[in-house]
Amino acid sequence: MRNSIYAINHTKQMMKHFLSALLIAATMPVLAQQAGKVTDPVDWVNPLMGTASKPSLSNGNTYPTIAVPWGMNFWTPQTGKMGDGWAYTYDADKIRGFKQTHQPSPWMNDYGQFSVMPVTGKMKFNQDERASWFSHKAEIVKPYYYSVYLADADVTTEITPTERAAQFRFTFPKSDSSYVVIDAFDKGSYIKVIPKERKVIGYSTRYASGPLPANFKNYFVIYFDKAISSANTWHGNTLAKDTLELKSDHSGAIIGFKTEKGEKVGMKVASSFISVEQAEISLKRELANDTFEATQQKSRAVWNKTLGKISIEGGTVDQTRTFYSSLYRTLFFPNKLYEIDANNKIVHWSPYNGKTMPGYMFAGTGFWDTFRALYPFLNLVYPAINKEMQEGLVNDYKEGGWLPEWSSPGYANCMIGNNSASVVADAYIKGLRGYDIERLFEALKHGANNEGPNEAVGRAGVKYYNELGYVPYDVKLNENAARTLEYAYDDFTIYQLGKALNKPAAEIDIYKKRAMNYKNLFDPSSGLMRGKNKDGSFQSPFNPFKWGDAFTEGNSWHYSWSVFQDINGLVGLMGGKNKFVEKLDSVFTMPPVFDASYYGSVIHEIREMQIANMGQYAHGNQPIQHMIYLYNYAGQPWKAQYWLRETMNRMYKATPDGYCGDEDNGQTSAWYVFSSMGFYPVTPATDQYVVGAPLFKKVTVNLDNGKQIVINAAANSVDNKYINALKYNGKAYGKNWLSHADLVKGATLDFDMTATPNKTRGTAESDFPYSMSTEQQ
């Protein structure tokens, strides 16, 4: 008996050791596993990154976007209710439909949406009744392809996209009652079924962030590759009788088939903001006679080509996935609002006058977020698409009289600033040409000196700003300090563009002067930016941890660094380099305390800062995202190198909870892509990038002009996060910045990385990046 017990115990111990060995063998290679050279970057993308979000806590607030880069139409599985900005959330159990979407963020919500959904058995068209349980275990999500098994219907749905069209494939069970529900959504919609042609047409008028002209419609056309057995229309919760054409508040159709087990029913769909006829043109042009697989392969090829502009080597598997998942997010917004007509002319429906107009148009971006890194990133890596976007801005101004600041589409009344100035100026200064820059310069001056049709267009409080040099705290205009700081930077960008266009000093010196208006809000007693009353006194009481009020989605500790144009001047105001660095350090060492009284509750941006364990550093929102790079302006670049690696490692991962706040139209992703390459555009509308430290052993950027930027950091590792030395085209280079004009000529950067900070490199003032006051001296 004792021998038997011993044998049993011995066997248990052996199993424990065996399992432990298996565990070690399984985990150690993963921890150390390096990704080789990437050949198909699209295979590294996880479109579910950031989808585990909710209004109270954002881990990205993204949805799986099934589309091609900058496409006019995106597709996504819809787990949320009709009209819910959170269209897809990772923790949901049911899918209600597959939605064509143009949504830039859940807060802005959607426009021109409609959905399709397969069902079996009863004719279920209500969004709750037709919803089906699903599992991520039976879901495949690629940028160019989506597949999911809908358990209640016993149907697998597949999607593959083009710019303005898509192919669906439904695999049905054996049934006399297989259906596809088409939902044109509420707020006014139309549907018509034409059974003989296996065709459905319709339109949706739903939008969230107007105002838009009264004739706004997203027209769609749908073709099935199987004869229609039954057809019905419906409105609201009611099945219509004796009509296959219906216009109502909420219109839809149910298309029925008799199917065999495993039978695949194909569906082609396209849409247009101009007409059903234009949707037909796009469908025939983009899908033609292609099979589902042919469209899928074309979309995959487009993604590989576009993502392949940047090649990375020598990162871990997780880092490689995170890089390409982030790069994927930079390639959607603003998305194309333009179409190509029967004569191959580029045209668009105008969100300003409701007419079909010639030329480019884009929508779906907020410049408050994206002026910082997304647009500079396009100017470096994808300048051709931003040239189209600049032409679109010309049309915005010609048709609407203003440049948009948040286009979704048109003039959404959201966020602050006049940051279209930065977007326009940076493009031209970085070398984009071939569009009406004179008209855009006119637009910038118009926007800088006038209040627009709403607070987010033009400059709210411009009269105060131009007379006093700041927007006062006590004139019932919220977020006044933030407006002042952003207007001052925007004035700087107008001045920079004016210089580049050889405008006379008499015309542009006023913007040069206003660029220094940031000084009017600096409070020497706190060493921070502070709201100021109309009479010149500072707003009181002052709590630098108070979110909102004088600032936008942040507090004074976040916004006091928003002097992009003159960090050297800010260093002086804060008492010199050492005190400036102490101030930067304190952002990370202070506890994440906050005052949310302005909002009346804790907004998600506050919560995301609080839980990140990085003190007052709120990387989940845009105002502070450039701050880490500012150590380069005060002679301690190694601290930037440390905190950049910490932020990349801790705040980003290619998982559903992989962001640390709202992704915001590519901006937060562009920060990661730039930072992992080793530099960042702290001051758009200048030629410079500020040096950080690369994340990978090698990065190759394939430029539009055929040249390459090659970034080597062979010794890079978890510990080797500091720059010991840098060679630029083989020569020692000690500056803390890189020139855009030189990089695009082709460049090789060789970083010697080490585990110990080099506290002598980049410490001389001659090494510091651009500041306006330094230039003037």
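# Reading rings, strands and confidence

Author: Trp-303 is buried, and Phe-332 is buried too. Keep in mind that this is a predicted model.

Reader: How should I describe a pair of aromatic rings?

Author: Two values describe such a pair: the distance between the ring centres and the angle between the planes.

Reader: How many aromatic pairs does the structure hold?

Author: There are 52 aromatic pairs in the structure. Take Trp-303 and Phe-332: their ring centres are 5.6 Å apart and their planes stand at 70 degrees, so this pair counts as edge-to-face. The angle decides that, because planes over 60 degrees apart are classed as edge-to-face.

Reader: Where in the chain do Trp-303 and Phe-332 lie?

Author: Trp-303 belongs to helix 4 (residues 292-307). Phe-332 is in the loop between helix 5 (317-329) and strand 20 (335-336). The two are 29 residues apart, and their pair links distant parts of the chain.

Reader: What is the geometry of the pair formed by Phe-674 and Tyr-680?

Author: Edge-to-face, with 6.1 Å centre to centre and 80 degrees between the planes. Phe-674 and Tyr-680 are both buried. They also belong to one aromatic cluster, whose other members are Trp-70, Phe-377, Tyr-382, Tyr-629, Phe-679 and Tyr-689.

Reader: Which rings have Lys-532 over the face?

Author: Tyr-470 is one of them, with Lys-532 at 5.5 Å from the ring centre. Phe-538 is another, and there the distance from the ring centre is 5.0 Å.

Reader: Now strands. What holds the strands of a sheet together?

Author: Backbone hydrogen bonds pair them, in either the parallel or the antiparallel sense.

Reader: Is strand 7 mostly covered or mostly uncovered?

Author: Strand 7 (residues 145-150) is mostly covered, with 5 of its 6 residues buried. Strand 6 (residues 139-142) pairs with strand 7 in the antiparallel sense over 4 bridges. A hairpin through 2 residues joins strand 6 to strand 7. Strand 8 (residues 155-161) also runs antiparallel to strand 7, joined by 5 bridges.

Reader: Which residues stand opposite Ser-147?

Author: Ile-140 stands opposite Ser-147. Glu-158 in strand 8 stands opposite Ser-147 as well. Between strand 7 and strand 8 the hairpin has 4 residues, and Asp-154 in that turn has a positive phi of about 60 degrees.

Reader: In what order do the strands of the open sheet run?

Author: The order is 19-31-32-36-33-34, for 6 strands with mixed pairing. Strand 19 (310-313) and strand 34 (731-732) are the edge strands, each pairing on one side only. Strand 33 (residues 722-728) runs antiparallel to strand 34, with 2 bridges between them. Across that pairing, Lys-727 stands opposite Ala-732.

Reader: Which domains does UniProt list?

Author: An unreviewed UniProt entry lists residues 44-272 as "Glycosyl hydrolase family 92 N-terminal". That span is 2% helix and 46% strand, and its end C-alpha atoms lie 32 Å apart. The unreviewed entry also lists residues 278-754 as "Glycosyl hydrolase family". Here the chain is 40% helix and 13% strand, with 58 Å between the end C-alpha atoms.

Reader: What pLDDT does the protein chain average?

Author: The average is 95, and 96% of the residues score at least 70. Residues 1-32 have pLDDT below 50, and this stretch has 1 contact in the model beyond near neighbours in sequence.

Conventions:
Residues are numbered from 1 along each chain as its sequence is written. This is a predicted model: local features need pLDDT of at least 70, side-chain atom pairs count only at pLDDT 80 or more; totals for chains, interfaces and linings use all residues. Side-chain values use heavy atoms; hydrogens and water are left out. UniProt positions are given in the numbering used here, feature names are shortened, and annotations may be inferred rather than shown by experiment. Rings of Phe, Tyr and Trp (its six-membered ring) pair if their centres lie within 6.5 Å; planes under 30 degrees apart count as stacked, over 60 as edge-to-face and the rest as tilted. Buried means under 20% relative accessible area, exposed over 50%, partly exposed in between (1.4 Å probe, protein chains only). A charge sits over a ring if NZ of Lys or CZ of Arg is within 6 Å of the ring centre and within 35 degrees of the ring normal. Two strands pair if DSSP finds at least two bridges between them. pLDDT is the predictor's confidence in each residue, from 0 to 100. Contact means heavy atoms within 4.5 Å.
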